Structures are given as structure tokens and as C-alpha cells.
Amino acid sequence: MDHIELAMVLAVDGSASVTYDEFGLIAGGMANALRDPAVAAGLTGRSLLALLLWSGTGQQDIITGWTAISTAADLAAFADGVDNMPRTVKAGNTAIGEALLAALTLFARAPGIPDRSIVDVIGDGRSNDGIAPGLVRDRMVSADITINGLCILHEEPDLLTSYTNDVIGGPGAFAVTCRDYRDFAEAMRQKLTREVKSPIV
């Protein structure tokens, strides 16, 4: 892959607020969204994807490092990995700033310079541990990295406000919500569809 249009880190909440069943719904919903024909068409041939699992301070794990999505088979294999991702971090606090730092380190090691760099922060609670996410967000924005959010509102109905103020930022940044995990797969599909189609800002 010579020209990279999009490099994206999928950063998934594995903290204690996410139950075993809810974690399965996140994994399955993300995988199904990646398999959506419109999303697949936008990613195949010109993208890099990575999967990061996080919870509290010191609990960030790169489940899948940078993967070139050159063919439909590449994306299918990545989606399968998302579907079956192990819960390798301790189900502790919610350290969004630490997750963003881990994503920033990933971008520093990306195999090429993409036209667009995006972190998708997927979670159901506000940050309550580690470095403040806004501090890392500002560093990432200065490096032309966009942080988008997907807020699951079943425990914190006002979570979108926290994400808007403290998490998202950068060119074209946005956050979407779903009321519960049952609605997660469709929200993820809509989010990815918007991201793969977005022009460079």
C-alpha cells in the first residue's frame, strides 16, 4: 500500500462498567459495522486499521496492530479479529486520556503518512482515572489527528456533553450516541459510514 488515505484506531472501553455480555455486543457490533458494504467499500484498498482495548491507568492493550486493508479479505480478517477480541485488560476504571496516549503512540509508529488520522473512542462512561483526556486531545489535534466518539448512554445519559467538552477534537470531529448496547451496532455502522466518506478538512 503506497498511498494511505485513512489510518484509524478503534479504541474500545473494557472498564468495569462494561459487563461481559455488553463487551460481546460491542465486539459483535463493531465487526458487523466493518462488514457493512458501504463501510467496506470505503476502507478497502487505502486504509490502515488498529484495535486498542483500554480501561484504567496502565491498562491499555493493542489487540491488533496496524493492518493494511488492501483487499476485501484483509478487512474480513480484521473484522473477524474484532468479533473475537479477548478482554485482556483489567476491568477497572475509565482512563480515556491514557487510551488516547496509547493511540498517539500507535500513530507515531504508523507505516506511512495517511491523509487522515482518526481515533474512535467507544465507551459508556466519562474519564475518572489517569491523565485528563483534554490534555492529550489537544496534543493530538495539533498533530492533525481527529478524535471521534461513540457514547453509550445507558448509565450516563449526559455522556455526550463530557465527550464533546473533553474527548473529541480535530478536523471534522464528531460524536454519536446510542441509548443502549442493543442499538450499538447501528450507531457504529452510521459512524464508520460517515468517517470513510468524509472529505479531508
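## The largest cavity

In this predicted model, the largest cavity is lined by E5, L6, G42, R46, S47, R116 and V196; a cavity here is a set of points, on a 1 Å grid over the protein atoms alone, where a 1.4 Å probe fits but cannot get out, and lining residues have an atom within 4 Å of a point. The lining divides into two nonpolar, two polar and three charged residues, where Ala, Val, Leu, Ile, Met, Phe, Trp, Tyr, Cys and Pro count as nonpolar, Asp, Glu, Lys and Arg as charged, and the others, Gly among them, as polar. About 40 Å³ of space lies in this cavity, the volume being the space filled by probe spheres set on points that are joined across faces, edges and corners. By this rule the count comes to one cavity of 30 Å³ or more.

Residues are numbered from 1 along each chain as its sequence is written, and side-chain values use heavy atoms, with hydrogens and water left out. Because the model is predicted, local features need pLDDT of at least 70 and side-chain atom pairs count only at pLDDT 80 or more, whereas totals for chains, interfaces and linings use all residues.

## Nonpolar cores

The largest nonpolar core has 38 residues, and those with the most contacts inside it are V12, I26, M30, L34, L150, F184 and M188; such a core is a set of buried Ala, Val, Leu, Ile, Met, Phe, Trp, Tyr and Cys residues joined through side-chain atoms within 4.5 Å. Helix α1 (residues 20-35) gives the most to this core, with seven residues. Apart from this core lies another, of 29 residues, which includes A99, A103, L106 and F107. Helices (H or I, at least four residues) and strands (E, at least two) are DSSP runs, numbered from the N terminus, while buried means under 20% relative accessible area, exposed over 50%, and partly exposed in between (1.4 Å probe, protein chains only).

If residues up to four places away in sequence are not counted, V12 touches F23, I26, M30, L51, L52, L53, W54, M85 and I122, contact meaning heavy atoms within 4.5 Å. With that same exclusion of residues up to four places away, A99 touches L52, W54 and Q60. A99 is found in helix α4 and, at 4% relative accessibility, counts as buried; its C-alpha atom is separated by 15 Å from that of G65, 34 residues apart along the chain.

V39 has its place in helix α2 (residues 37-43) and counts as buried, at 0% relative accessibility. The C-alpha atoms of V39 and K191 are 152 residues apart along the chain and separated by 9.5 Å.

A68, which lies in strand β3 (residues 60-69), is partly exposed, with a relative accessible area of 32%. Between the C-alpha atoms of A68 and T44, 24 residues apart along the chain, the separation is 8.9 Å.

The buried residues of helix α5 (residues 133-142) are P133, G134, V136, R137 and M140. Seen down the axis of α5, these buried residues fall within an arc of 160 degrees, so they line one face of the helix; the arc is that of the directions from the helix axis to the C-beta atoms. The face turned away from this buried side carries the exposed residues L135 and S142, and what covers the buried residues of α5 includes α4, β4, β5 and α6.

Most residues other than glycine have a negative phi. D144, although not a glycine, has a positive phi of about 65 degrees.

In helix α6 (residues 159-166), L159, S162 and Y163 are buried. Viewed down the axis of α6, these buried residues fall within an arc of 95 degrees, so they line one face of the helix. Their cover includes α4 (96-108), β4 (116-123) and β5 (145-152).

P171 is placed in the loop between α6 and β6 (175-178) and counts as partly exposed, at 32% relative accessibility. The C-alpha atoms of P171 and V141, 30 residues apart along the chain, are separated by 7.8 Å.

Methods:
1 Å grid on protein atoms, 1.4 Å probe; cavity = no way out; pocket = protein on both sides within 12 Å on 5 of 7 lines; lining within 4 Å.
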